[in-house]
Amino acid sequence: MLRAIIFDMDGVLLDSETLHYHVIYDMMTERGYTYTVKHLQKYCGVPEEEIWEPLLKELGGEHDDPLQAQEEHWARYRKRLEKNGLPRFPGTEDCLRALQQRYRLAVASASSVEVIDDYMNRLGYTDYFDCIISAQYCEHGKPEPDVFLLASEQLGVPPQDCLVVEDSRNGMIAAQRAGMKWVGFSGAEVPTDMSYATFTFSDYRDVKPCDFEKWYTLMESR
């Protein structure tokens, strides 16, 4: 029985993955590297401290400093946020308000505690969630299941009664490894990898709580 819904944050509750893509694209282009949507899809959902060394090697920048690249990325990203604000998905708050009436809700993200708290407060979403979990609390990030299992524990709901909303293949694999059902959210401007999703939706304005129940039930019967 569906009792809880666990949301990833970046690319699911706000279109931050698109913004990250444009920032990294500009950085890599300036260095003479070719950064594509496939790179975004490959590393989407993975904690950032685990991304830069393999990404730079893949692009031919094995002599670049991963930590310096990470710091530059975040400096540029914050500057764009300050200029343009958080990129919201229309209808998200109305959907969360409706889901809150029926289910326990959680955020389980690879982002840091500070970033998650900042975004949720600025978006005004904090009060919709029973718990907010960062992979910083966990030994392993996605695609390992640690962050989802911790969210399940904090919610007091067993994994088999949880549905995860994810925008990345890594996150969906993590949900499966946690023993949970999952649905893909594909509403970002820059497309992420939905190949691991049996069911997807792209607009919060088009879904109701009964749709989440339907997806959970159909996945359970597979």
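**Reading the fold**

Tutor: Of the 222 residues in the chain, 55% are buried, where buried means under 20% relative accessible area, exposed over 50%, and partly exposed in between (1.4 Å probe, protein chains only). This is a predicted model, in which local features need pLDDT of at least 70 and side-chain atom pairs count only at pLDDT 80 or more, while totals for chains, interfaces and linings use all residues. Residues are numbered from 1 along each chain as its sequence is written, and side-chain values use heavy atoms, with hydrogens and water left out.

Student: What radius of gyration does the chain have?

Tutor: The radius is taken over C-alpha atoms, and the globule rule is 2.2 Å times the number of residues to the power 0.38. For 222 residues a compact globule would have a value near 17 Å, and the chain agrees at 17 Å. Its C-alpha atoms fill a box of roughly 50 × 35 × 30 Å along the principal axes.

Student: How many helices and strands does the chain have?

Tutor: Helices (H or I, at least four residues) and strands (E, at least two) are DSSP runs, numbered from the N terminus. The chain has nine helices and six strands.

Student: Which residues of helix H5 are buried?

Tutor: In H5 (residues 92–100) they are Thr 92, Cys 95, Leu 96 and Leu 99. Seen down the helix axis, these residues fall within an arc of 100°, so they line one face of H5; the arc is that of the directions from the axis to the C-beta atoms. They pack against strand S1 (4–7), strand S2 (104–109) and helix H9 (209–220), contact meaning heavy atoms within 4.5 Å.

Student: How much space lies in the largest pocket?

Tutor: On a 1 Å grid over the protein atoms alone, a pocket is an open set of points where a 1.4 Å probe fits, with protein on both sides within 12 Å along at least five of seven lines; lining residues have an atom within 4 Å of a point. Grid points are joined across faces, edges and corners, and the volume is the space filled by probe spheres set on the points. Here it is about 590 Å³. Among the 34 lining residues, Val 46, Pro 47, Glu 48, Trp 74 and Ala 110 are the closest to the centre. H4 gives the largest share of the lining, four residues.

Student: Where does Gly 179 lie?

Tutor: Gly 179 is in the loop between helix H8 (169–177) and strand S5 (181–185). Gly 179 is partly exposed, at 38% relative accessible area.
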